Amino acid sequence: MTRAIAFLGTGLMGAPMVRRLLGAGFAVTVWNRDSSKAEALAVDGAKVAATAAEAVRGADIVFTMLSDGNAVGDVLFAQSAADALKAGAVVVDTSSIAPKLARAHAEKLAAVGIAHLDAPVSGGTVGAEAGTLAIMAGGDAAVVDSLADVFAALGRVTHVGPSGAGQVCKLANQQIVAVTIGALAEAMVLVEAGGASRAAFRDAIRGGFAESRILDLHGARMVERRFEPGGPSRLQLKDLDTALAVAADLGLTLPLTQDVREAFADFVATGGAEMDHSALLLHLEAQNPKTGA
């Protein structure tokens, strides 16, 4: 029997994820705060709901892909989506939120017979469109296994531990992404100032120890100066702030994360909030005015 899916949040990441689920043959009802983003999916076969509560009514699986923990809590609880869920449903939160909030949401839902997975994703809009997302799932391993066919439409899922563990892993992922973007942007500034071609530099180091998905995708963005958001810098900053807050709670010092967080904070404060996180290059070019376009 085909399971009914509701998807709450159909923005940059949510919309291509919905299309992947529809393409795999699942029935999907969608809702988004900006209704035009949900309505755009009707042509792909999605059913559009006027409210989050309406979207989840009768659903077996509910995905959330929202901007932050406050948005997730508001949609699930303040907007009464959780009250409309049927017993035995599963909520899969693919948003990036604080681990303690993910655990709190899991506890509140468990009290009314609803399973919860915190399952943030990595891979950006490219991965969402291709169905190659890395999915980090925290919660009950048996629940993760029961959704194998659903996750397969989106990418590769790994059960990483109990509730909250998925979000911890996503924060660690975001640390690596941000620090690597920062290192690559600095390298781009250096090679140009030293007389080399940025494009040739990127090609030259492909296949060496510096090879990475960041070099492939974000390196191309930097060379071509295409900074429309796949991952907005304001959300990168949000994740870095959360990572450092978790680190502080655990008594950890993370100097590289702190340094790159300050760079993103400055970039966001000076107008870069809605630009892709690879646009951190522009912040470094502003500090080194002899480089860049």
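**Exercises on rings, a buried leucine and a pocket**

The charged end of Lys108 lies over the Phe77 ring, 3.9 Å from the ring's centre. Keep in mind that this is a predicted model.

**Exercise 1.** Find the aromatic pair in the structure and work out how its rings are arranged.

*Solution.* Start with the search: over the whole structure, it turns up 1 aromatic pair. The partners are Phe7 and Phe63, with ring centres 5.4 Å apart and planes at 10°. Planes under 30 degrees apart count as stacked, so this pair is stacked. Last, check burial: Phe7 and Phe63 are both buried.

**Exercise 2.** Decide whether Leu76 is buried or exposed, and list its contacts beyond four places in sequence.

*Solution.* First, locate Leu76: it's in helix α4 (residues 69-78). Its relative accessibility is 3%, and buried means under 20%, so Leu76 counts as buried. Now skip the neighbours within four places in sequence; Leu76 then touches Thr64, Ala81, Ala82 and Leu109. For one more distance, take Val91, 15 residues away along the chain: its C-alpha is 9.6 Å from that of Leu76.

**Exercise 3.** Describe the lining of the second largest pocket.

*Solution.* The volume of this pocket is about 210 Å³. Helices α10 (165-193), α14 (255-272) and α15 (280-287) each give two or more residues to the lining. Among the lining residues are Val179, Glu186, Asp259 and Leu284. Sort the whole lining by type and you get 7 nonpolar, 1 polar and 2 charged residues.

Definitions and conventions: Residues are numbered from 1 along each chain as its sequence is written. This is a predicted model: local features need pLDDT of at least 70, side-chain atom pairs count only at pLDDT 80 or more; totals for chains, interfaces and linings use all residues. Side-chain values use heavy atoms; hydrogens and water are left out. On a 1 Å grid over the protein atoms alone, a cavity is a set of points where a 1.4 Å probe fits but cannot get out, and a pocket is an open set with protein on both sides within 12 Å along at least five of seven lines; lining residues have an atom within 4 Å of a point. Grid points are joined across faces, edges and corners, and a volume is the space filled by probe spheres set on the points. Helices (H or I, at least four residues) and strands (E, at least two) are DSSP runs, numbered from the N terminus. Ala, Val, Leu, Ile, Met, Phe, Trp, Tyr, Cys and Pro count as nonpolar, Asp, Glu, Lys and Arg as charged, and the others, Gly among them, as polar. Buried means under 20% relative accessible area, exposed over 50%, partly exposed in between (1.4 Å probe, protein chains only). Contact means heavy atoms within 4.5 Å. Rings of Phe, Tyr and Trp (its six-membered ring) pair if their centres lie within 6.5 Å; planes under 30 degrees apart count as stacked, over 60 as edge-to-face and the rest as tilted. A charge sits over a ring if NZ of Lys or CZ of Arg is within 6 Å of the ring centre and within 35 degrees of the ring normal.
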